[in-house]
Amino acid sequence: LTATLSIISCASVILTLIVFEKMRSKLFMRFIAFMALGDIFGCIPYLYTWTFPQSSPWCVISGIWLQTGSVSAWLWTASLCFMWHRASTKTLRGITWHVMPLFHCFCWGVPLSFTLPSLALSPFENSSTFDGVCAPYGTYKARLYHNVWSYLLFVACLVFMAALYGHLLYLDRDKHSRNSEVSVAHNRNVAAAKSTLVCYPVLFIIFWLPKMILTTVYELAYSTGNKAFDKSMDFFLCWYMLHGVAVAIVFFYNSPMARQLWRHRAKMRLIK
């Protein structure tokens, strides 16, 4: 149910990009849509758990899909923050539609390049710990490898986004202290950048950090067989999947244009 709700919420963001030409013309909209797509990829395997044979090609594909999609959402979040930072500091020149393939290579390629070596460490099998999804967690080395690279990327994204926000605050304070003339458009970009550099990273922390911490604790207590702990794991699996719902809520709250376009489309449908 949680996975379905998250997929529907993220699909509404992507549908906004597809349906409305005005939204497609916005470069930032692409980053939010691909962030939502990463959340969808991370939730889809939970819709059909326990249906693939152990180590079957479909089980392997499902496991790679899960790990690549979830982590790509982190990288698209960091990339979105980077773009807003560049826009607010008047250095967006050179960052055009032509560089989107580079962001795709980074946001999809990095998690995929870390996931594929898992095939050599452990067969992909249905994991009782993670609600039956296919994952390469059959050996301790495989679990350790996955935890290390995913935690390092998680921390790197957090530090990167915090650094962008700190730099933006420093530049803003410096301009005001020197009484520099700033255009209305620039002030609007700075305000939007601050909002983005707070909202999406905060969602990132709220919905992902508890799951990351609990996974670590679970590994440390793996040999105890604590069933109550398994229930806690189930709760946080559902919790982190709600990240997609929160992303959709923040997007529509921060985008008056998206709300207006959907309202207008709904009115036109009613008139017809």
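This is a predicted model: local features need pLDDT of at least 70, side-chain atom pairs count only at pLDDT 80 or more; totals for chains, interfaces and linings use all residues.
**Entry 1**

I started with helix α1, which covers residues 2-19. Thr-2 belongs to this helix, and so does Ile-18. Are these two residues buried or exposed? I got 19% relative accessibility for Thr-2, so Thr-2 counts as buried; the cut-off for buried is under 20%. Ile-18 came out at 53%, so I put Ile-18 down as exposed, given that exposed means over 50%.

Next I looked up what Thr-2 touches. Setting aside its neighbours within four places in sequence, I found Thr-2 in contact with Cys-238, Met-241 and Leu-242. For Ile-18 I checked a distance to Ala-33 instead. The two are 15 residues apart in sequence, and their C-alpha atoms are 9.7 Å apart in space.

**Entry 2: α1 against α3**

Ala-33 took me on to α3, as it is one of the α3 residues in the contact with α1. How do α1 and α3 pack? Their axes are 9 Å apart and the angle is about 155°, which means α1 runs roughly antiparallel to α3. I noted the crossing as left-handed.

I then listed who makes the contact. From α1 I have Ala-3, Ser-6, Ile-7, Cys-10, Ala-11, Val-13, Ile-14, Thr-16 and Leu-17. From α3 I have Met-29, Arg-30, Ile-32, Ala-33, Ala-36, Leu-37, Asp-39, Ile-40 and Cys-43. Sorted by class, these residues give 14 nonpolar, two polar and two charged.

**Entry 3: α1 against α10**

I also checked α1 against helix α10, residues 243-254. Here the axes come within 7 Å and cross at roughly 35°. This crossing is left-handed.

On the α1 side I wrote down Leu-5, Ser-6, Ser-9, Cys-10, Ser-12, Val-13 and Thr-16. They meet Gly-244, Val-245, Ala-248, Phe-251 and Phe-252 of α10. By class I count seven nonpolar and five polar residues in this contact, with no charged ones.

**Entry 4: α3 against α4**

Back to α3, residues 27-43, this time with α4, residues 57-88. Which way do these two run relative to each other? The axes come within 7 Å and cross at roughly 160°. That is over the 145 degrees needed to count as roughly antiparallel, so α3 and α4 are roughly antiparallel. I have this crossing as left-handed. The contact of α3 with α4 holds 15 nonpolar, seven polar and one charged residues.

**Entry 5: aromatic rings**

Last, I went through the rings. How many aromatic pairs are there? The count is 15. Among them I looked up Phe-34 with Trp-76, which is a stacked pair: the ring centres are 5.0 Å apart, with 25° between the planes. Phe-34 sits in α3 and Trp-76 in α4, so the pair links distant parts of the chain, 42 residues apart.

I checked accessibility for both partners. Phe-34 is buried, with a relative accessible area of 19%. Trp-76 is buried too, at 0%. Both belong to one aromatic cluster, which I wrote out as Phe-31, Phe-34, Phe-41, Trp-76, Phe-82, Phe-103, Trp-108 and Phe-160.

Technical notes
Residues are numbered from 1 along each chain as its sequence is written. Side-chain values use heavy atoms; hydrogens and water are left out. Helices (H or I, at least four residues) and strands (E, at least two) are DSSP runs, numbered from the N terminus. Buried means under 20% relative accessible area, exposed over 50%, partly exposed in between (1.4 Å probe, protein chains only). Axes are lines fitted to C-alpha atoms, for helices over the stretch in contact, and angles run from 0 to 180 degrees between N-to-C directions. Angles under 35 degrees count as roughly parallel, over 145 as roughly antiparallel, 65 to 115 as roughly perpendicular and the rest as oblique. A crossing is left-handed if the near helix is turned anticlockwise from the far one by less than a right angle, and right-handed if clockwise. Contact means heavy atoms within 4.5 Å. Ala, Val, Leu, Ile, Met, Phe, Trp, Tyr, Cys and Pro count as nonpolar, Asp, Glu, Lys and Arg as charged, and the others, Gly among them, as polar. Rings of Phe, Tyr and Trp (its six-membered ring) pair if their centres lie within 6.5 Å; planes under 30 degrees apart count as stacked, over 60 as edge-to-face and the rest as tilted.
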